[in-house]
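Trainee: Please show me how to read a protein structure, one feature at a time.

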Amino acid sequence: MATGQGKGRTRRENQNQDWIDKQKQPKETGAAMSNFRLFAVAPPGLESIVKSELQDLGISGRKVAGGVEFSGGLFHLCQANLWLRTASRVLLRLGSFRLTSLEQAAERFSRYPWEIYLRPSRPIRFRITCHKSKIFHSGALEERLIKGIQVRLGKKIKVARMSDARSDDPLIVLRLFRDNCTLSIDSSGRHLHYRGLKTMNVTAPLRENLAAAMLLASGWDRTSPLLDPFCGSGTILIEAALMGMNIPPGRFRKFAFQNWRNFDAAMWHRVVAAADLERRPLTAQIKGFDRSVQAIEAAEANLAACGLFPDVTVEQRELSMLDSPASKGWLVTNSPYGKRLKEIHGLGGLYSEFGEIIRERFPAWTVAMLSPHPFLQRATKLAFRSVATFSNGGIRVNLLLHK
């Protein structure tokens with residue numbers, strides 16, 4: 001599934017392409033060019049889309065359950081964090097080894113260069129999982145990991161318990177499966193769905209990386225009209241605008257790797273500068289509608305905060321008033337759905353009306369929507385096919401596509 005990140009360049013961008021390509025070539029030696037093992041964590045069901053995004057960056061990877069494994073230096077780690085729209089985070093694999101006894105654990109953990117990635121003054125988060133292994137107590141394993149880090153650093157460290165941890169506290173991930181231990185450190189910091197742009201949300205907001213996945217899976221060409229009739233706080237609209245202007249989703253936020261001792265600020269500046277030169281004007285007509293006044297107010301505030309208002313427009317409008325601004329385009333939406341069977345069946349009329357509107361007013365449009373239940377899909381009487389399945393707000397949903 002190609003995401004087409006470089007499509008539709010303007011003349012100015014073509015004139016600058018030689019310079020951009022040079023900036024994309026890593027110039028560093030030593031640690032920055034080391035061949036690290038990296039892992040782009042993906043929401044289950046979206047691994048193929050994340051792999052395609054990496055391919056657009058010129059990075060080949062191997063899809064596995066839960067993400068994509070790839071190799072590269074700090075340059076590629078920076079690129080992945082800056083550009084990946086659908087991933088959850090990017091992990092740097094510190095090591096993998098057999099571990100069958102707690103007695104050897106602390107010494108083994110102390111071998112890794114924690115001083116590069118951690119500052120004793122910052123609380124550290126730990127995510128430990130043990131499955132089908134001789135060691136089955138995650139708490140005991142965490143104690144040994146903390147001890148090993150302290151031995152290496154020669155100092156005590158602060159531990160951030162998940163109940164009071166901050167999302168930008170350093171995160172160490174340890175996975176023990178069938179006595180094979182994989183030790184990683186998170187390079188992203190806050191979850192990659194965080195763009196650093198939106199100021200307001202509504203009930204049950206759609207995460208930004210899931211909205212981006214909907215757009216990429218729908219095949220939107222980034223120039224044709226795009227509508228969202230249930231726009232909420234504008235997440236799909238904002239993601240579409242970022243894609244249409246070829247702005248990397250991580251352009252307006254900070255990352256954990258920027259606090260590492262081996263962080264190369266000059267290299268990061270070149271990566272960001274090259275991305276900025278690939279930015280292009282928004283040519284697609286992007287519009288959102290919602291019946292809720294509060295949702296439209298939130299969407300307007302978010303679009304203004306992103307500098308997208310009035311290029312992207314929103315309007316309070318009932319579904320029955322939806323009309324087509326062009327003969328062809330894309331309609332991408334996170335339509336309402338309930339958690340309980342009674343709530344789902346109560347939405348049958350809305351979905352029936354939605355299907356009728358599509359058939360009558362949008363016959364040549366591509367439609368992408370989320371649905372947790374076949375009943376809602378059938379109520380539209382549209383020929384949908386499922387292109388991905390993932391969790392949204394704890395609800396398993398299908399991404400449905402109608403062309």
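Mentor: Let us begin with Asp179, which is found in the loop between β6 and β7, where strands (E, at least two residues) and helices (H or I, at least four residues) are DSSP runs numbered from the N terminus. Please keep in mind that this is a predicted model, in which local features need pLDDT of at least 70 and side-chain atom pairs count only at pLDDT 80 or more, while totals for chains, interfaces and linings use all residues. Residues are numbered from 1 along each chain as its sequence is written, and side-chain values use heavy atoms, with hydrogens and water left out.

Trainee: What is the phi of Asp179, and is the residue buried or exposed?

Mentor: The general idea is that most residues other than glycine have a negative phi. Asp179 is not a glycine, yet its phi is positive, at about 70°. With 8% relative accessibility Asp179 counts as buried, the word buried meaning under 20% relative accessible area, exposed over 50%, and partly exposed in between, for a 1.4 Å probe and protein chains only.

Trainee: How do strands β6 and β7 run, and how many bridges join them?

Mentor: In general, strands of a sheet pair through backbone hydrogen bonds, either parallel or antiparallel, and here two strands are said to pair if DSSP finds at least two bridges between them. Strand β6 (residues 171-177) and strand β7 (residues 180-186) run antiparallel and are joined by 6 bridges, with Leu176 standing opposite Cys181 in β7.

Trainee: What is the order of the strands in the open sheet?

Mentor: The sheet has 7 strands with mixed pairing, in the order β2-β3-β1-β4-β7-β6-β5. Its edge strands, each of which pairs on one side only, are β2 (61-64) and β5 (125-131). On average, neighbouring strands of this sheet are turned by 25° against each other, direction ignored. Helix α7 (residues 138-153) lies across β5, β6 and β7 and runs at about 135° to β5; for such angles, axes are lines fitted to C-alpha atoms, for helices over the stretch in contact, and the angles run from 0 to 180 degrees between N-to-C directions.

Trainee: Why is strand β12 described as largely enclosed by the rest of the structure?

Mentor: The description is given because 6 of the 6 residues of β12 (residues 366-371) are buried. Thr366, Ala368 and Leu370 point one way from the strand, while Val367, Met369 and Ser371 point the other way. β12 pairs in the parallel sense with strand β11 (residues 330-333) over 4 bridges, and here Val332 stands opposite Ala368. With strand β14 (residues 395-402), β12 runs antiparallel and is joined by 5 bridges, and Leu370 stands opposite Leu399.

Trainee: Which residues is Leu206 in contact with?

Mentor: Contact means heavy atoms within 4.5 Å. Leaving aside neighbours within four places in sequence, Leu206 is in contact with Ala211, Met214, Thr235, Ile236, Asn334, Leu370 and Asn392. Leu206 is found in the loop between β7 and α8 (208-218), and at 7% relative accessibility it counts as buried. Although Leu206 and Ile236 are 30 residues apart along the chain, their C-alpha atoms are separated by 8.2 Å.

Trainee: How many residues of helix α9 are buried, and what covers them?

Mentor: In helix α9 (residues 235-244), 10 of the 10 residues are buried, so the helix is largely enclosed by the rest of the structure. What covers them includes α8, β8, β9 (286-290), α11 (293-305), β10 (313-316) and β11. Just after α9, Asn246 takes a positive phi of about 55°.

Trainee: Which residues of helix α3 are buried?

Mentor: In α3 (residues 47-56), the buried residues are Glu47, Ile49, Val50, Ser52, Glu53 and Leu54. These buried residues pack against β1, β2, β3 (67-72), α4 (74-83) and α8. The helix is followed by Gly58, which has a positive phi near 80°.
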